[in-house]
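Try each task before you read its solution.

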Amino acid sequence: MELARITSRGQTTIPKRIREGANLHAGDVIAFEIEGTHVVVRKVSGRDTYLQGLSDSMTEWASQEDEEAWRDL
């Protein structure tokens, strides 16, 4: 078991051993689900075309200016 703290902005770091074990790399897409009282995190693979397509189509606020404007929300 690995532990990580959630920041006041809702961010956390996936521990290195977990990233390596799950073969996660910068730029990978991960999905979050709730199962009872557990949060399940999984890597979105090539067969998850719906989620990847959804992610790829959400470019409405993809500029650097938009990122800066929405950063503190």
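A salt bridge here is a side-chain nitrogen of Lys or Arg within 4 Å of a carboxyl oxygen of Asp or Glu. The model is predicted, so local features need pLDDT of at least 70 and side-chain atom pairs pLDDT 80 or more, while totals for chains, interfaces and linings use all residues. Residues are numbered from 1 along each chain as its sequence is written, and side-chain values use heavy atoms, leaving out hydrogens and water.

**Exercise 1. Find the salt bridge between K43 and D28, and say which parts it ties together.**

Step 1: The side chains of K43 and D28 come to 3.4 Å, N to O.
Step 2: K43 is in strand 2 and D28 is in the loop between helix 1 and strand 1, so the pair ties together parts that are 15 residues apart in sequence. Helices (H or I, at least four residues) and strands (E, at least two) are DSSP runs, numbered from the N terminus.
Step 3: Now check exposure, where buried means under 20% relative accessible area, exposed over 50%, and partly exposed in between (1.4 Å probe, protein chains only). K43 is partly exposed at 33%, and D28 is partly exposed at 32%.

**Exercise 2. Work out which elements contribute two or more residues to the lining of the largest pocket.**

Step 1: A pocket is an open set of points on a 1 Å grid over the protein atoms alone, where a 1.4 Å probe fits, with protein on both sides within 12 Å along at least five of seven lines; lining residues have an atom within 4 Å of a point.
Step 2: The largest pocket is lined by 18 residues, and T12, T13, I14, F32 and V41 lie nearest its centre.
Step 3: Strand 1 and strand 2 are the elements that give two or more residues to this lining, with the largest share, four residues, coming from strand 2.
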